[in-house]
Amino acid sequence: MIRFLLPLALAVLAPGHASASPLEVQVTDASGAPLANAVITLPAPDGFDPERHRFQWPMMMEQQRLQFVPHVLVVPRGAQVEFPNRDRVRHHVYSFSGSNAFELELYGREEARLVGFGHPGAVVLGCNIHDAMIGYIRVVETPYAAMTGADGVAAIADAPEGPLTVTVWHPYATSADGTATLALAEGDSAGRTAQISLNIRAPR
Amino acid sequence: MITLLAIAASLALTPAAMPTPPGELPVDPYEVSNSNAGAEPLSDPAVFEAFGGIEGIDRIVDDMVERITVDPRLADIFRASDFVRLRRTLKEQFCYLLGGPCDYTGMPMRSSHADHGITTAEFNALVENLQLAMDAEGVPFRMQNRLLALLAPMQRDIVTR
């Protein structure tokens with residue numbers, strides 16, 4: 001009984017959730033094909049502190065079978081991200097992405113290293129040893145963030161009511177900052193899936 | 001007839017699924033062949049003798065592996081290695097190359113080193129440790145060089161950056 005009541009009580013007590021509703025966005029490329037690994041975000045509420053925010057997914061970028069897993073990871077600004085190497089070979093992970101640039105030499109099966117991401121934006125990850133390894137970290141300053149699955153759909157369960165600007169980012173988007181935006185008037189997305197399309201280049 | 005030939009060819013190309021020896025980790029299947037050792041074996045029995053035969057080679061490999069696990073230039077590369085398999089296949093390879101009564105059952109040099117991102121400096125560091133191990137076993141320089149001459153060209157397949 002307590003297990004049922006507790007989440008309910010928390011939902012009622014949590015500020016800003018009183019006027020929330022689910023938002024679903026489908027992201028496609030210019031030809032209409034669903035786009036996976038697109039990150040949708042909504043503006044943060046006033047006074048939001050990303051440094052104290054925790055998303056429900058692990059802050060972890062694994063290296064497994066010479067791949068970054070997940071391919072795209074969304075983290076709040078200030079997050080400490082784990083970089084466990086599940087492979088038996090070493091990796092030399094690096095990023096040249098502006099203020100979030102870093103370099104990390106990881107021996108086989110090393111699992112105890114953290115990297116902090118103190119600046120918002122997209123972080124492109126590579127490996128000096130394995131050229132085919134490419135991954136992305138999207139550093140955000142909002143609690144409202146979700147990633148599209150294979151069907152191109154991303155959902156934010158507790159989107160605020162009212163007019164909204166949805167920002168979509170994708171690693172292969174051709175726009176300068178990799179994003180496109182969609183303005184939704186109040187009630188626009190109620191009970192349906194908002195659509196947005198992005199121009200993308202062929203993945204490397 | 002053509003069909004039969006094709007079947008025979010495909011059978012010959014199917015990698016033998018070697019059972020995993022006790023204490024070792026499974027590896028992806030590959031075709032077992034002495035040609036995987038990366039060089040033709042020496043035929044001069046004096047060299048095998050100078051290395052102390054199978055027992056001497058076993059000691060040299062064990063000593064070399066001990067050294068690389070504490071060599072700061074190499075330890076991280078080998079940290080997640082299967083040392084049981086590493087020791088066994090190195091002993092087989094050296095014994096085979098030195099003309100001893102051994103078969104090499106390990107992988108070809110290129111595939112066993114692929115994805116490790118080995119540099120020339122790291123390759124040379126491993127050779128240094130081998131030289132120290134051969135010194136410790138009392139192998140004369142002239143005989144050491146017979147083995148090193150076989151190993152040196154393997155750098156082409158081992159060093160990838």
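The contact between the chains takes ten residues from chain A and eight residues from chain B, two residues being in contact if their C-beta atoms, placed from the backbone, lie within 7 Å. By class, the side of chain A that touches chain B has four nonpolar, three polar and three charged residues, where Ala, Val, Leu, Ile, Met, Phe, Trp, Tyr, Cys and Pro count as nonpolar, Asp, Glu, Lys and Arg as charged, and the others, Gly among them, as polar. The model is predicted, so that local features need pLDDT of at least 70 and side-chain atom pairs count only at pLDDT 80 or more, whereas totals for chains, interfaces and linings use all residues. Residues are numbered from 1 along each chain as its sequence is written, and chains are lettered from A and ligands numbered from 1 in the order in which they are written.

In chain A, an open sheet of three strands is found in the order S13-S1-S16, with mixed pairing; strands (E, at least two residues) and helices (H or I, at least four residues) are DSSP runs numbered from the N terminus, and two strands pair if DSSP finds at least two bridges between them. Strand S13 (153-160) and strand S16 (193-198) of chain A are the edge strands, each pairing on one side only. Strand S1 (residues 20-29) of chain A is joined to S16(A) by six bridges, the two running parallel, and Val27(A) stands opposite Ile196(A) in S16(A). Six bridges also join S1(A) to S13(A), but here the strands run antiparallel, with Glu24(A) opposite Ala155(A) in S13(A).

In chain B, the axes of helix H3 (residues 53-70) and helix H5 (residues 83-97) come within 9 Å and cross at roughly 135°, the axes being lines fitted to C-alpha atoms over the stretch in contact, with angles from 0 to 180 degrees between N-to-C directions. H3(B) and H5(B) are therefore oblique to each other, since angles under 35 degrees count as roughly parallel, over 145 as roughly antiparallel, 65 to 115 as roughly perpendicular and the rest as oblique. Residues of H3(B) including Ile54(B), Ile57(B) and Val61(B) meet residues of H5(B), among them Phe83(B), Leu86(B) and Leu90(B). The residues of this contact of H3(B) with H5(B) divide into nine nonpolar, no polar and four charged.
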